[in-house]
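Open the model in a viewer and keep the selection tool at hand.

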Amino acid sequence: MTELAEQTPHAPPKPPPTGWRRVLAPGWLRVPWMTALFFGIGLGLVVGLRALAGWDPVFNWLIIVSIGALIMAPIGFLAGIGAFDYWVKYALGRPTEPEDHSGHGARSWRDYFRVNTDHKVIGIQYLVTTIFFFLAGGMMAMIFRAELAKPGAQYLDPQEYNGLFSVHAALMIFLFVIPAFAGLANFVIPLMIGAPDMAFPRLNALSYWLLPIAGIMMLSSLAVPGGGFGAGWTGYAPLSVVGTDSNVWFNMGVQWAGASSIMTALNFLVTIITMRAPGMTFWRMPLLVWANFTTSLLVVLATPFIAGSQFFVMFDRLMHTNFFNYHAGGYVLGYQHIFWFYSHPAVYIMMLPGFGIASEVISVMSRKPIFGYRLMALSLCAILVLGFSVWAHHMFVSGMAPWLRVPMMITTLLIAVPTGIKVFSWLATTWEGRLHLTTPMLFALGFVSMFVIGGLSGIMLGAVPIDIHTSDSYFIVAHIHYVLLGGSLFTIFAGIYYWFPKMTGRMYNERLGKLHFWLTFIGFNATFFPMHIIGVEGMNRRVYDYPPRFAAWNMFISLASFFLGASFMVFVYNMIVSWLRGPLAGSNPWRSMTLEWQVSSPPPIFNFDEIPQIVGGPYEYGVEGARHAVFNGERVHGVEEVQRT
Amino acid sequence: MRRGAIVRVVTIGLLAAAVATAVALFIPWLPADESKEGGRIDFVFWFVVAICISVFGVVAAVTIYSVVNFRVRPDDDSDGPPIHGHTGLEIAWTAIPTVLVTVIAILSAVALAENGRLKSNRLVVDVTAQQFAWHFKYPQYGGFQSDQLRLVEGRQVELRLRSLDVIHSFWVPEFRQKQDAVPGIVTHLGITPTKVGTRTLICTELCGLGHALMRAPVIVMTEAQFDEWARSQQQGSEGTPG
């Protein structure tokens, strides 16, 4: 094996530049001056054009910051860190180094802070970054829960309050749930399909480096004069147009995160379609691959819509266009239609990868084939299609055309059918299995049960009359947290624990993992279940003050939310200590059949020393003599011959 | 499947459903229902809750039973039976939810249509929302304006909602009905109050810094009381344009 590994094309790293030339080499020394340079170019453009046109004032700081800091400086940052080096050389006709794999794989912790083209490194970069933003968003939640513990104003003024909950939601959605799934998939998908890497490794690296830009933009909006963007993560116009200037930070933050999302999704699509190992037909793909395939289709089709909606809002503010200015014929509801045309599919973008993870974990930990594999894959496709026909259920009380409500209700309720199929199939998979209640399995089963509650409240909200009463109340807050926290977050944890031995080569501490699950499970339910009650009773959302009759529940919720927040410390501690000092895990601690477990932990730098031949389904547990893949150089060779003819 | 297993799963399911039912019944969920439209909404609400409780019962039963009965020690290396699926079951859990959601959709559509019907003798109120206040105008009574929404017990009101700046939303939890007020268009909402008393109107669409405090009193009166109040308002507003 080692011999083969050394034969892979892997040029030794070039000697690093010395002296002053180091500031020209891609890396953190080039970042500051390139960022400043590009900001300067933006500033020069704005000031120069305004001076030429004779506009007053020449130094309009809102425009300068929007162009210089939110658009140009990030490009400078990316250029400085080296995300464009290969393409720039290529475009200029200078010699490129296609065989230079010095930016591939991590040899020390420093390699995680460089532009790295290895999907395994990028996957870990994604996960660590997103967990950072998850913790930041969680802390914001605890700050405004402290405010909400009692009625009346306590610590925060209304601007701070609105800014905090808006940034909280934006970070959790755009910088945690969506990219955390992308990170897990980045690590796992190429291994799972038997590919040496993603189809476009440089694009992959670029799409990772867009994320910190988006995250820092949204975080720093809280420090903008006037306060953080306070129109919620939904950023409804016209409030987002007339609100504080920091709304532009949100508009552009979404663009950078969205661009990252689209690039990754394209990469996944091409990788999954073209780079599967021989023998891996679509009907032999693990369900996580199916899940990321459908998710990527959703991302590619839907994300441009939110990009459009945010550009329109930004143009209304900066360029005085009138997309949503009703005084000048703008169409206020248009924002919601465009926004939700993305943001409802986005719910499934945040859910389908979790479905995939749950399928992997539940099948392996039950030691049984997944129940109804084909129907499981088809229901993903059904959700993909139906997901585009339900967006206006967020707008039942918005004043849109009234006739649209019933058809949107029907499609919304119908989407419960494929979702139900998945839930019942997971349960049937556990039936008569040999259940190993490890931490990933606990999170997967916790996901199924919590997601059922979120799904059922979703059915309630799908019924128009109930939605009319509950929309924009705390019932909605409860629903989205059951779906996104009980659903997405639980599966993200299941995935992190499940693949932790593969990523690090070490085993996490099982007792701490179980402790983490139970603390989170209890804290989560104590925090969010009561929100159903106060919502139906009449407490509206996005308020810092509320009538005293909700005081008792809110105090309870706030205390529970601090408990929930504290539970994640167990996770962070477990991850750090186990990564450094955990016992060695071996290549396949779960006795899983899928391909990523058939290579060493962590996997070799180009994943597979020999290309696997897929000979069967991925979940054939309990089937006598069944194999998912065989590793046999001669047979692989034979297959290549067959394919060439 | 063995008989004993079925009995035990059903028992767990009934227990889980009983717990969920207790949560639904013994915790005060919906506020007092004080409009005709609210009654229909509540009916749909409890109907769907009943379906949800039964689904929850099934899921909880199977999950709990599986976890308790099928868990093995960590060193158990055996595999489960290679069951790949069961066409009958798969058809069942596709068909039954389809039927259930269809019933929910039909009921909801009927309730929605009923609640959207406007009567000819209705009271009309022009509601204007702005950051961060509500104003109410009574065009059938000379167009006087008030900061309180006064309604008549048993008489349907049609609210014509407008907004002067950003989106707001009209919600009185006791009436159940809700509608956004959108700048540039007029939206409509029908409510038939059934009980005399005072309630609070709250804004339910984030509208800026004063969103939390954008409230207004809603007072339901008898026909006679209302007429008297309207007359006094008309006299008070005479001479002022509006």
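The tour below covers overall dimensions, domains and then a helix contact.

This is a predicted model, in which local features need pLDDT of at least 70, side-chain atom pairs count only at pLDDT 80 or more, and totals for chains, interfaces and linings use all residues. Residues are numbered from 1 along each chain as its sequence is written, while chains are lettered from A and ligands numbered from 1 in the order in which they are written.

Select chain A. Its C-alpha atoms fill a box of roughly 75 × 65 × 50 Å along the principal axes. Colour by secondary structure: chain A has 21 helices and two strands (DSSP runs numbered from the N terminus, helices being H or I of at least four residues and strands E of at least two). The radius of gyration of chain A, 25 Å, is close to the 26 Å from the globule rule for 645 residues, so chain A is as compact as a globular protein of that length (radius over C-alpha atoms; rule 2.2 Å times the number of residues to the power 0.38).

Next, colour the domains of chain A: domain 1 (23-97), domain 2 (111-581) and domain 3 (595-644), with bounds from an automatic or database assignment. The C-alpha centres of domain 1 and domain 3 of chain A lie 46 Å apart.

Now select helix 18 (residues 474-504) and helix 19 (residues 510-537) of chain A, whose axes come within 7 Å and cross at roughly 165° (lines fitted to C-alpha atoms over the stretch in contact, with angles from 0 to 180 degrees between N-to-C directions). That makes helix 18 of chain A roughly antiparallel to helix 19 of chain A (over 145 degrees). Show the contact residues, including A:H481 and A:Y482 of helix 18 and A:F528 and A:H532 of helix 19 (C-beta atoms, placed from the backbone, within 7 Å). The contact residues divide into 14 nonpolar, five polar and no charged (Ala, Val, Leu, Ile, Met, Phe, Trp, Tyr, Cys and Pro count as nonpolar, Asp, Glu, Lys and Arg as charged, the others, Gly among them, as polar).

Methods:
Angles under 35 degrees count as roughly parallel, over 145 as roughly antiparallel, 65 to 115 as roughly perpendicular and the rest as oblique. Two residues are in contact if their C-beta atoms, placed from the backbone, lie within 7 Å.
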